[in-house]
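Here is a short briefing for a reader who is new to protein structures. Please look over the sequence and the structure before reading on.

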Amino acid sequence: MALLETPEIGATTTATTTIRGEIRRRTSVKADAGIGDELFDSSSSSKTNSFEDGESSNNGFNENGDEQIGAGDQTKEEVKGNGEDIDQGGVKKGGETSVVHYAYRPSSPAHRRIKESPLSSDAIFKQSHAGLFNLCIVVLVAVNGRLIIENLMKYGLLINSNFWFSSRSLRDWPLLMCCLTLPVFPLAAYIVEKLAWQKRLSDPVVITFHVTITTTAILYPVFMILRFDSVVLSGVSLMLCACINWLKLVSFMHTNYDMRSIVKSNDKGEAETTSSNMEYFYNVNLTSLIYFMVAPTLCYQISYPRTAFIRKGWVLRQMIKLVIFTGFMGFIIEQYINPIVKNSRHPLKGDILYAIERILKLSVPNLYVWLCMFYCFFHLWLNILAELLRFGDREFYKDWWNAQTVEEYWRLWNMPVHKWIVRHLYFPCLRNGIPKGAAILVAFFMSAVFHELCIAVPCHIFKFWAFIGIMFQVPLVILTNYLQRKFQNSMVGNIIFWCFFSILGQPMCVLLYYHDVMNQKVKSR
């Protein structure tokens, strides 16, 4: 690269003008990246043209304060008779000469603005972290690859179906029959509501019937699981179906009770209806109830937003993903979690450091299983069900992974349950004069009861670890809210959430329950 020589003062301008005209017409500038802050092409920008037209450059800067930069060595201009120019320092390729016109002078300032380091607290979120994200992926693959090789060398391939489907699974047909008879309870609730709308039953009688139906709907599966000593997976599946059935029944009963109250108030002229169409309140039929019982929602209403058609190809792709991730989840349980639990003592019996080491070792595979479970159920399965039923509202979860407090997590990760609690538990408590804090405590208490039912009953272990774990969320909510207000930093709150949730909470719960389950399986053999 070459630097053009400035004409002497007093020299004629004809040759200079000819040279500059030829340069504008024939040359292309290839700037050396890495020299200076900005590079300018000879054929572009008004900055270059202004310099070529005779405007002066003061101390290496143009009128906008940008540095005028170029290449190093000085060359001489030789003018031929036909007006063509030859840049002795340029490189000719195909009749064109590559020239850089401006120089990054030694006297040019290198520091012109106040700037923060990219990783400082004020600038960290203004930068792209794609490279660090790629590094995390590489490290994650490397670390987990080493763990896979180490596990295979130590235990071999441990995949078998005994945990999921053993010879005892063939004896679980009573649980299957119990699951198939669960629709009897919604049918009974519908008959009670039909009689209530026809004013053949008074409200106290209707409430009594509904309490009986919902109580039986949850105790009947519990009795069947305990009576027939089922395997864990069959019991968990039945209890989940029973709990979903119970929540839907409560929503159906509560919604119809509220609609009847609105109709009665309007008949007496005490209140104005919230719907412009009064027939909406009377359109309670069996079809709407059947759709509600199979729809991916826990909140009953007469109609739902619907999509125009079913995407069959999309459903097939999601089903394939569901099979793949379910198999991956089973592989992690059999190959990693089972050996860790079998080789562990009870976390509450023994050395505290040993228990912490076991919990930390279990936290990584447990987190993978939990993420797979979330993806399979909340994203794949609920979306498949919604697509087949053309159910429009598919906000089954929000960005819970960005939660800054435990309270925010519970409001984001399971939207069907959150909407149910807000609609049928939290606001009814507030309307009845219960303080906000007590209403939140009631919500956590109900959640703790159902978590205990879904875990303790199938495992046949009634030590209330799940109940205590959910109720322990209440002081964690207070603590994380305080820490969030103290630090006022979203990153700090999110890190604290992940530590409490994935590193300490779930692995401890797995060790407490799963350890006893594995011991029971060993004793039964």
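How many helices and strands does the chain have? The chain has 16 helices and 6 strands, where helices (H or I, at least four residues) and strands (E, at least two) are DSSP runs numbered from the N terminus. This is a predicted model, in which local features need pLDDT of at least 70 and side-chain atom pairs count only at pLDDT 80 or more, while totals for chains, interfaces and linings use all residues. Residues are numbered from 1 along each chain as its sequence is written, and side-chain values use heavy atoms, with hydrogens and water left out.

**The chain overall**
- Of the 525 residues of the chain, 38% count as buried, a term that means under 20% relative accessible area, with exposed meaning over 50% and partly exposed in between (1.4 Å probe, protein chains only).
- Among contacts (heavy atoms within 4.5 Å) between residues at least 6 apart in sequence, 72% join residues at least 24 apart.

**Nonpolar cores**
- A nonpolar core is a set of buried Ala, Val, Leu, Ile, Met, Phe, Trp, Tyr and Cys residues joined through side-chain atoms within 4.5 Å, and the largest one here has 64 residues, with Met239, Trp400, Tyr409 and Trp420 having the most contacts inside it.
- Helix α7 (residues 232–267) gives the most to this core, with 11 residues.
- Apart from this core lies another, of 13 residues, among them Tyr336, Ile340, Leu362 and Cys372.
- Leaving aside residues up to four places away in sequence, Trp400 touches Trp370, Leu371, Phe374, Tyr409, Leu412, Trp413, Phe497 and Trp498.

**Packing of α3 and α9**
- Helix α3 (residues 130–155) and helix α9 (residues 312–342) pack at an angle of about 65°, with their axes 11 Å apart; axes are lines fitted to C-alpha atoms, for helices over the stretch in contact, and angles run from 0 to 180 degrees between N-to-C directions.
- That angle makes α3 roughly perpendicular to α9, because angles of 65 to 115 degrees count as roughly perpendicular.
- Leu147, Ile148, Asn151, Leu152 and Tyr155 in α3 meet Gln335, Tyr336 and Pro339 in α9.

**Two residues with positive phi**
- Most residues other than glycine have a negative phi.
- Arginine 390, although not a glycine, has a positive phi of about 55°; arginine 390 is found in the loop between α10 (352–389) and α11 (406–412) and, at 28% relative accessibility, counts as partly exposed.
- Histidine 460, also not a glycine, has a positive phi of about 60°; histidine 460 is found in the loop between α13 (436–459) and α14 (465–471) and, at 25% relative accessibility, counts as partly exposed.

Definitions and conventions
Angles under 35 degrees count as roughly parallel, over 145 as roughly antiparallel, 65 to 115 as roughly perpendicular and the rest as oblique.
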